[in-house]
Amino acid sequence: MAYPYKHERETRVLTEAFGDPAARTIEGWKKYGGYEALRQALGMAPNDVIEVVKASGLRGRGGAGFPTGVKWSFMPRDDSRQPHYLLINADESEPGAFKDRELLRWTPHQVIEGALIGAHAIRAKHVYIYMRGEFFEPAQIVGRAIEEAYEAGFAGPDMMGSGIGIDITLHLGAGAYICGEETGLMNSLEGRRGQPRIKPPFPAVMGAFSRPTTINNVETVSAVPHIMRRGAEWYRSIGTEKSPGTKLFNVSGHVVRRGNYELPLGFPMKDLIYDVCGGIRDGRELKAVIPGGSSVPILAASECDINLDYESVAAAGSMLGTASVIVMDDRTDIVKAVRRMVEFYSHESCGQCTPCREGTEWTAKIMRRIEAGEGTADDLDTLLEVGRNMTGTTICVLSDSCAAPVASSIAKFRDEYMARIRREVPAGALTV
């Protein structure tokens, strides 16, 4: 893991306090400048806070990369008759993603401060932190931090004597991947089955409890206190013009040093793999990379000479997503690796939409058949056809997430599929 290892090319903003247990307490966090940004924000009009975040160019770190300030501006500005809500999505569970849980573990007050600033900006009086139920340790840490924030007057009915009141509730989910989808999260929060909702209406119009709601990722709100304290121009001085700021890259797979690294957006992928992460383990060759978590298209080694920002990764045919970089060396069995991803999505499908419910299961069955050496060449065409019918045809993008690695792996590693089909791969010849 990256801690306590720190690479000299890192730009530590959100992770500055990682490795310092004292920063989990309110007094420890104040030594890092904690809650000064909240004090500053409470002295500003909500719209002015939104304008600062807009000017910074901060984009959502949950995967979509939508501009945060613009998202906040969708909330009603002149409707004080109904409550507004801010939901913090802490249900991180996509294979390859492990950044949000570390922010919650090491810097709970950073998350809380950012959430309170965001709530003030959108005129919300209540923040819900929706956390994956299996995050037992982060839940204990965040729960204690919320208690401290209330005791210190940073949360509650009269925050810092400002006359502004915002409450915070930590809500633990039951551990379903689909509850990380924003409308599935809202249903789960309300005590309903965690299934996505059809949009429109969008959450800013009718969200949690049928009231205007904004959903932000943990990493997104963690950046907000720094932007407020240091200014939008400072934030824009990091990263690229269209993708400003730092990003936590959670690197897993066949590199020497796996872990979370905070780097400017636009950082070269090969520098991340070969310099920051120490290269491919055991001196092997790079075979493929999934740049944004298991839900995005795979890149072959020949496609990895790119920069890690939203635009560059999209131009290469994939997505930055959560920046969960999964590295695979030349011994990787691509068929097996993709089959395991497909099994995950098949298991986690909520079953609401037929293309997803049936498509993920059929895809898993065919992948198992090919891996077992019992497939045919026609199976590849079937996989692609099923994937096409799963993409863009459902309420959420879970089925798209299942189809993307399948289609991209067939396009780039068809010879491996055919070797399985022709039974040319001896058992145990490859590893994942």
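**Close-up views of a predicted model**

**View 1. Strand 11 and its two partner strands.** In strand 11, Ala-288 has Met-328 as its bridge partner. This pairing belongs to a model that is predicted, so keep that in mind as you look around. Strand 8 (residues 286–290) runs antiparallel to strand 11, and the two are joined over 4 bridges. Strand 5 (residues 246–253) also pairs with strand 11 over 4 bridges, but in the parallel sense. Look for Gly-253, which sits opposite Val-327 of strand 11.

**View 2. The two sides of strand 11.** Which residues point one way from strand 11, and which the other way? Ser-324, Ile-326 and Met-328 point one way, while Val-325, Val-327 and Asp-329 point the other. Side chains in a regular strand alternate between the two faces of the sheet. Strand 11 (residues 324–329) is mostly covered, with 6 of its 6 residues buried.

**View 3. The largest pocket.** The lining divides into 18 nonpolar, 18 polar and 11 charged residues. Strand 4 gives the largest share, 5 residues. Among the elements that each supply at least two lining residues are helix 4 (68–73), strand 1 (85–90) and helix 16 (398–421).

**View 4. Ser-73 in helix 4.** Now find Ser-73, a residue of helix 4. Is Ser-73 buried or exposed? Its relative accessible area is 18%, and buried means under 20%, so Ser-73 counts as buried. Leaving aside neighbours within four places in sequence, Ser-73 is in contact with Ile-50 and Lys-54.

Definitions and conventions:
Residues are numbered from 1 along each chain as its sequence is written. This is a predicted model: local features need pLDDT of at least 70, side-chain atom pairs count only at pLDDT 80 or more; totals for chains, interfaces and linings use all residues. Side-chain values use heavy atoms; hydrogens and water are left out. Ala, Val, Leu, Ile, Met, Phe, Trp, Tyr, Cys and Pro count as nonpolar, Asp, Glu, Lys and Arg as charged, and the others, Gly among them, as polar. Buried means under 20% relative accessible area, exposed over 50%, partly exposed in between (1.4 Å probe, protein chains only). Contact means heavy atoms within 4.5 Å. Two strands pair if DSSP finds at least two bridges between them.
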